[in-house]
Amino acid sequence: MNQVQKGSLFVISGPSGVGKGTLVNLLRAKCPEIALSTSVTTRKPRPGEINGTHYFFIEKEVFLYRLKHGDFLEWNEFAKNYYGTDRNIVETAVQQGHNLLLEIDVKGALQVKEKKPEAILIFIEPPSLEELKARLFKRKTESEREIQERLSIVKSEIGKKHLFDYSIVNDDLELAFSELENIIMNQINRTEIYKK
Ligand code: 5GP
């Protein structure tokens, strides 16, 4: 049938600290053929983070210049830093038939849906706000002030989960991963059938 079927675009989103990164790492370890888009950010690297692997770390002036030139499919200012998805990375991967994952915040995810309605949006929820707070304090990557900033955004993010195609509660990691894997593999298999 359709020989030029494009790859699927998956957007994994949800509050900071909810475990999106862990789920995405598990998924990539199990399905290395699914590509992950590397975002661009003005945030400073955390210990161990590598430029070009975890993010492309750039200066604010460069980000704003690129934004003005329409380089980003979506972007957001989150806890005083800018984050964006390189439009080129997404267009090229999908056109070449690759399945691509974006791990981005809720505002960014909704921008992607507006521009690419065929994207599959998956919301990862914490079991409770208390649990999320505990996780953010435990991972010790932000100061207390930064954690409070992140938590103040969470309620409005959770209020938007009905705009997503799927929602997964990340309470038991194994269970959450299996739900995520099912959603993604079902979509990929569906697209593969149309390719034949
Ligand atoms: P962190 O600073 O913890 O790496 O990321 C903060 C938040 O920004 C997380 O919710 C993360 O998913 C989100 N994020 C990472 N990359 C992007 C991006 O390219 N665009 C948007 N909108 N959010 C992003």
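Colleague: Is Tyr83 buried or exposed?

Modeller: Tyr83 counts as buried, at 14% relative accessibility. Buried means under 20% relative accessible area, exposed over 50%, partly exposed in between (1.4 Å probe, protein chains only). Keep in mind that this is a predicted model: local features need pLDDT of at least 70, side-chain atom pairs count only at pLDDT 80 or more, and totals for chains, interfaces and linings use all residues. Residues are numbered from 1 along each chain as its sequence is written, and side-chain values use heavy atoms, with hydrogens and water left out.

Colleague: Which residues come nearest to the ligand?

Modeller: Ser39, Arg43, Tyr55, Glu74 and Tyr83, of the 17 residues around it. A residue is near if one of its heavy atoms lies within 4 Å of the molecule.

Colleague: What about polar contacts, N or O pairs within 3.5 Å?

Modeller: Glu74 has a side-chain N or O atom 2.7 Å from a ligand nitrogen. Arg46 puts a polar side-chain atom 2.8 Å from a ligand oxygen. For Thr85, a polar side-chain atom lies 3.4 Å from an oxygen of the ligand.

Colleague: How much of the ligand does the protein bury?

Modeller: 95% of the 510 Å² that the ligand exposes when taken alone. Those areas come from the Shrake-Rupley method with a 1.4 Å probe.

Colleague: Back to Ser39. Where is its place?

Modeller: In the loop between β2 (35–36) and β3 (40–41). Strands here are DSSP E runs of at least two residues, and helices are H or I runs of at least four, numbered from the N terminus. Ser39 counts as buried because its relative accessibility is 10%.

Colleague: What does Ser39 touch?

Modeller: Tyr55, Phe56, Gly84, Thr85 and Ile104, not counting residues up to four places away in sequence. Contact means heavy atoms within 4.5 Å.

Colleague: Aromatics next. How many pairs?

Modeller: Seven aromatic pairs. Rings of Phe, Tyr and Trp (its six-membered ring) pair if their centres lie within 6.5 Å; planes under 30 degrees apart are stacked, over 60 edge-to-face, the rest tilted. Phe63 and Phe72 are stacked, 4.5 Å centre to centre with 20 degrees between the planes. Phe63 and Phe72 are buried. Phe78 and Tyr83 pair edge-to-face, at 6.1 Å and 80 degrees.

Colleague: Which cluster do those last two sit in, Phe78 and Tyr83?

Modeller: One aromatic cluster, formed by Tyr55, Phe57, Phe78 and Tyr83. Phe78 is buried, with a relative accessible area of 9%.

Colleague: And the largest nonpolar core, how many residues?

Modeller: It has 24 residues, and Leu101, Ile122, Leu180 and Ile184 have the most contacts inside it. A nonpolar core is a set of buried Ala, Val, Leu, Ile, Met, Phe, Trp, Tyr and Cys residues joined through side-chain atoms within 4.5 Å. The largest share, six residues, comes from α7. A second, separate core of 17 residues includes Val94, Val106, Leu121 and Phe164.

Colleague: What is Ile184 in contact with?

Modeller: Phe10, Ile12, Leu27, Ile34, Leu101 and Ile122, leaving aside neighbours within four places in sequence.

Colleague: Last topic, backbone. Where is Lys140, the non-glycine with a positive phi of about 55 degrees?

Modeller: Lys140 lies in the loop between α5 and α6. Lys140 counts as exposed because its relative accessible area is 71%. Ala79 also has a positive phi, about 45 degrees, although it is not a glycine. Ala79 is in the loop between β5 (72–78) and β6 (81–86).

Terms used. A polar contact is a pair of N or O atoms within 3.5 Å; within protein, one must be able to donate a hydrogen and the other to accept it, and residues adjacent in sequence count only if both atoms are side-chain atoms.
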